[in-house]
Amino acid sequence: MAENLFIPETKDRKEIYEAVIPQIEALISTESDLIANLANISAVLKEAFGFFWVGFYLTKGNQLVLGPFQGPLACTRINFNKGVCGHCYTTKQTVIVPDVEAFPGHIACSSASKSEIVLPVFDKEGNVAMVLDVDSDLLNDFSEVDAEGLGKIMNALEKTL
């Protein structure tokens, strides 16, 4: 895939996911380097949706460690039992948080973050290899449309692991 990205001129997230998912799949299917793929996925999601922050936390030892991302400075390490990312890791489920201030134990990497969605990414053994963390500077900015669209992208990523 070239360095061109087609993003439909619409605010309809479902339509945007339908356009970018095949482009991401094509992009990562021909690249074997994980970091390059994570960086490009982060860049595509930031460009396509204008999310405040989008990136990956990789499982390393007994923590989640910051990986490729797009957005402002981020927390470097997150314990498995802390915050939304840790909750996603331990439950192995997508977590949608409409208001991060109302989430017990939320880690405020940025005070501008208002809502969040975090998805697990599984390795071939079924362990959480990393999580995708997406923050918005708007309250209640994520829905099942995002969970489904981002989930399809994470499924494509899992096939490359």
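**Figure 1. Helices α2 and α4 pack against each other in this predicted model.** The angle between α2 and α4 is about 165 degrees, and their axes lie 12 Å apart. An angle over 145 degrees counts as roughly antiparallel, and α2 and α4 are therefore roughly antiparallel to each other. The crossing of α2 past α4 is right-handed. On the α2 side, the residues in the contact are L34, L38, I41 and L45; on the α4 side, they are L150, I153, M154 and L157. Sorted by class, this contact of α2 with α4 holds 8 nonpolar residues, no polar residues and no charged residues. An α-helix has 3.6 residues a turn, so residues three or four places apart point the same way.

**Figure 2. Helix α1 packs on α4.** Helix α1 covers residues 13-29, and its axis is 10 Å from that of α4. The two helices make an angle of about 5 degrees. Angles under 35 degrees count as roughly parallel, and α1 and α4 are therefore roughly parallel to each other. From α1, the residues R13, K14, Y17, I21, I24, E25 and I28 take part in the contact. They meet V145, D146, G149, L150, K152, I153, A156 and L157 of α4. By class, the residues of the contact of α1 with α4 are 9 nonpolar, 1 polar and 5 charged.

**Figure 3. Six strands make up an open sheet.** The strand order is β3-β2-β1-β6-β5-β4, and the pairing is antiparallel. At the edges are β3 (77-79) and β4 (95-97), each of which pairs on one side only. From one strand to the next, the twist averages 25 degrees. Strands of a sheet pair through backbone hydrogen bonds, either parallel or antiparallel.

**Figure 4. Strand β1 pairs with β2 and with β6.** Strand β1 consists of residues 53-60 and β2 of residues 63-70. These two strands run antiparallel and are joined by 6 bridges. Y57 stands opposite V131 of β6.

**Figure 5. Strands β5 and β6 form a hairpin.** The two strands run antiparallel, with 8 bridges joining them. The bridge partner of P120 in β6 is V131. The hairpin has 5 residues between its strands, and G126 there takes a positive phi near 90 degrees. Is β6 enclosed or open to the outside? Of the 9 residues of β6, 8 are buried, so the strand is largely enclosed by the rest of the structure.

**Figure 6. K92 and N140 are residues other than glycine with a positive phi.** Most residues other than glycine have a negative phi. K92 has a phi near 60 degrees and is found in the loop between α3 (83-91) and β4. The relative accessible area of K92 is 41%, so K92 is partly exposed. N140 has a phi near 50 degrees and is found in the loop between β6 and α4. With a relative accessible area of 54%, N140 is exposed.

**Figure 7. N37 is a buried residue in helix α2.** Buried means under 20% relative accessible area, and N37 is buried because its value is 2%. Which residues is N37 in contact with, leaving aside its neighbours within four places in sequence? They are L27, I28, E31 and T160.

**Figure 8. Helix α3 has buried residues.** These residues are G83, V84, C85, G86, C88 and Y89. The elements that cover them include β1, β2, β3, β4, β5 and β6. Just after α3 comes K92, with its positive phi of about 60 degrees.

Notes: Residues numbered from 1 in each chain as written. Predicted model: local features only at pLDDT ≥ 70, side-chain atom pairs only at ≥ 80, totals over all residues. Heavy atoms only, no water. Pairing = 2+ DSSP bridges. Helix = DSSP H or I, 4+ residues; strand = E, 2+ residues; numbered from the N terminus. Axes fitted to C-alpha atoms, helices over the stretch in contact; angles between N-to-C directions. Parallel < 35°, antiparallel > 145°, perpendicular 65-115°, else oblique. Left-handed = near helix turned anticlockwise from the far one by under 90°. Contact = heavy atoms within 4.5 Å. Nonpolar A, V, L, I, M, F, W, Y, C, P; charged D, E, K, R; others polar. Buried < 20%, exposed > 50% of the residue type's maximum accessible area, 1.4 Å probe, protein only.
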